[in-house]
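Please keep the sequence and the structure in view while reading.

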Amino acid sequence: MRVINNMKNFIAALVVLGSATGVQAQSPAVIMDRAVKGYTDMRSMSADFQQTITNPLTGTTSVSRGVLLRKAPSLLSITFSSPRGDKVVSDGSTMWVYLPSSAPNQVMKLPASGNSSMGMVDPGGLFLSSPSSRYEITAGGNATVGGRKTLVVNLVPKQSNNAFSKAKVWVDASSNTIRQFEVVDANGLTRRVTISNVKSNPTIAASSFRFTPPKGARIIEN
């Protein structure tokens, strides 16, 4: 269960590009729709991310960093530089979750499709899937993230959502890139993810989406 909960951290890394059309004069719903279109149209991407998790129940804050590689429709690689060694890989048929920082000598083996866990690591299942029908969408003002002007959009699920009770998305005002997002769960746990060095449609080696469990690791299938 601890490993499954830790998987929620990986939504931090799965942020995608929107189209290159300006969004300054658009409504919050239209801004999200443009981000969705960019996600659907993009064939591959790479990005750096930093995730900050704040737990109000324990009064603790943790920061993780890493690199995301993604290739449509179902190839994914998330490599953490901190905590170093943690990794999530989807090779198209299997999703491998290796978190030695919290579950040493253990690997989770999950279906890459047809599994609810995949929704936790794919933004298409988080808030880039039919956002207008799934969420109440309101404007959250303007902000600067990483030197870029962004428009802030607030999302509140119309129905009960186990992933989060509310979310905030910072969309680049020029490129529609999602530069930052924040999700808050029912217990107040807050995850803020900042994205940088985003590259659209790079060439990514097939080997990036392969994973071999460490020798002697316990493999848990679900």
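Asn201 is found in the loop between β11 and β12, where strands, like helices, are DSSP runs numbered from the N terminus (E, at least two residues, for strands; H or I, at least four, for helices). The phi angle of Asn201 is near 55°, a positive value in a residue other than glycine. Asn201 is partly exposed, with a relative accessible area of 44%; buried means under 20%, exposed over 50%, and partly exposed in between, with a 1.4 Å probe and protein chains only.

The model is a predicted one, in which local features need pLDDT of at least 70 and side-chain atom pairs count only at pLDDT 80 or more, while totals for chains, interfaces and linings use all residues. Residues are numbered from 1 along each chain as its sequence is written, and side-chain values use heavy atoms, with hydrogens and water left out.

**Backbone details**

Most residues other than glycine have a negative phi, and most peptide bonds are trans. Asn105 also has a positive phi, of about 60°, although it is not a glycine. Asn105 lies in the loop between β5 and β6 (106-111), and at 57% relative accessibility it counts as exposed. The peptide bond from Ala72 to Pro73 is cis, with omega near 5°, and Pro73 is found in the loop between β2 (60-71) and β3 (75-82). Another cis peptide bond runs from Ser82 to Pro83, with omega near 0°, and Pro83 lies in the loop between β3 and β4 (84-91).

**Overall picture**

The secondary structure of the protein comes to 4 helices and 12 strands. Of its 222 residues, 47% count as buried. Among the contacts with a separation of 6 or more, 50% are accounted for by residues 24 or more positions apart, a contact being heavy atoms within 4.5 Å.

The 12 strands form an open sheet in the order β7-β8-β9-β10-β11-β1-β2-β3-β4-β5-β6-β12, and the pairing is mixed; two strands pair if DSSP finds at least two bridges between them. Because β7 (135-145) and β12 stand at the edges with a single partner strand each, one side of each is left without a neighbour in the sheet. Within the sheet, 6 bridges join strand β9 (residues 166-172) to β10, and these two strands run antiparallel. One of the residues involved is Ala167, whose bridge partner in β10 is Val183.

**Salt bridges**

Side chains of opposite charge can pair when their charged atoms come close. The structure holds 3 salt bridges, each defined as a side-chain nitrogen of Lys or Arg within 4 Å of a carboxyl oxygen of Asp or Glu.

| Arg148 | Asp172 | 2.7 Å |

Arg192 counts as partly exposed at 33% relative accessibility, whereas Glu182 counts as buried at 14%.

Arg148, Asp172 and Arg179 are linked in a network of salt bridges.

**Aromatic pairs**

The structure holds 4 aromatic pairs; rings of Phe, Tyr and Trp (its six-membered ring) pair if their centres lie within 6.5 Å, and planes under 30 degrees apart count as stacked, over 60 as edge-to-face and the rest as tilted. One of the pairs is that of Trp96 and Phe211, which is tilted, at 5.7 Å centre to centre and 35° between the planes. Since Trp96 lies in strand β5 (residues 94-98) and Phe211 in the loop between β11 and β12 (218-221), the pair ties together parts that are 115 residues apart in sequence. Both Trp96 and Phe211 are buried, and together with Tyr98 these residues form one aromatic cluster.

**A loop glycine**

Gly188 lies in the loop between β10 (178-184) and β11 (190-200), and is partly exposed, with a relative accessible area of 24%. Leaving aside neighbours within four places in sequence, Gly188 is in contact with Thr54 and Pro56.
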